[in-house]
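I opened this structure to look up its charged pairs, then its helices, then its surface. My entries follow in the order in which I made them.

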Amino acid sequence: LWPLTGRKHQLRIHCAHMGCPIVGDRTYTKDEKVLFKRGMLLRALEVSFADGTCDSNGAPLHIRIEEPSKFGRYRKDEEMLYRRHR
């Protein structure tokens, strides 16, 4: 996904219209049972700036974070369900 406008719902709407809503998005998903009270599983784990933005050393700015623990737990649960139903 390449966000263009910076509007906070842009990616959520785009994914929902493609038939791939973001997990836990109760605003743009019809299934209200999805991750009730667990929040959305949408985070940028990696961001690069193509506009010439640089860090303090003059290198192109590139930011990366580790996967939040709730994502890993959810992914493991989903992998187990997938294996059972294959």
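I started at R75, which counts as partly exposed because its relative accessible area is 36%. My classes are buried for under 20% relative accessible area, exposed for over 50%, and partly exposed in between, with a 1.4 Å probe and protein chains only. The model is a predicted one, so I took local features only at pLDDT of at least 70 and side-chain atom pairs only at pLDDT 80 or more, while totals for chains, interfaces and linings use all residues. I number residues from 1 along each chain as its sequence is written, and side-chain values use heavy atoms, with hydrogens and water left out.

Entry: the salt bridges of R75.
Which side chains meet R75 in a salt bridge? I found E67, at 2.6 Å from N to O, and E79, at 3.8 Å from N to O. The term requires a side-chain nitrogen of Lys or Arg within 4 Å of a carboxyl oxygen of Asp or Glu. R75 and E79 both sit in helix α2, four residues apart, about one turn of the helix. Salt bridges with shared partners join E67, R75 and E79 into one network. I noted E67 as partly exposed, at 35% relative accessible area, and E79 as partly exposed too, at 32% relative accessibility.

Entry: helix α2.
I take helices (H or I, at least four residues) and strands (E, at least two) as DSSP runs, numbered from the N terminus. Helix α2 covers residues 69–84, and its 16 residues should span 22 Å at 1.5 Å a residue; the end C-alpha atoms are 23 Å apart, which agrees. The expected span is 1.5 Å times one less than the number of residues. F71, G72 and Y74 are the residues I found buried in α2. Down the helix axis, the buried residues of α2 fall within an arc of 165°, so they line one face. The arc is taken from the directions from the helix axis to the C-beta atoms. On the other side of α2 I listed S69, K76, R83 and R84 as exposed.

Entry: R12 and D25.
I searched the whole structure and got four salt bridges. One of them joins the side chains of D25 and R12, at 2.7 Å from N to O. The pair links distant parts of the chain, 13 residues apart, with R12 in helix α1 and D25 in the loop between α1 and β1. Is D25 buried or exposed? D25 is buried, with 2% relative accessible area. R12 also counts as buried, at 11% relative accessibility. Leaving out residues up to four places away in sequence, R12 touches I22, D25, T27, Y28, M40 and L42; contact means heavy atoms within 4.5 Å.

Entry: a nonpolar patch.
L45, F49, I63 and I65 make a nonpolar surface patch of about 320 Å². Patches take residues with over 30% relative accessible area and no salt bridge, joining like charges within 9 Å and nonpolar side chains (Val, Leu, Ile, Met, Phe, Trp, Tyr) within 5 Å. I63 lies in strand β2, residues 62–64, and is partly exposed at 41% relative accessible area.

Entry: the whole chain.
I counted two helices and two strands, in the order α-β-β-α from the N terminus. Of the 86 residues, 13% count as buried. The chain exposes about 7,500 Å², with 55% supplied by carbon and sulfur atoms; I used Shrake-Rupley areas with a 1.4 Å probe, and for residues only the protein chains shown count as cover.
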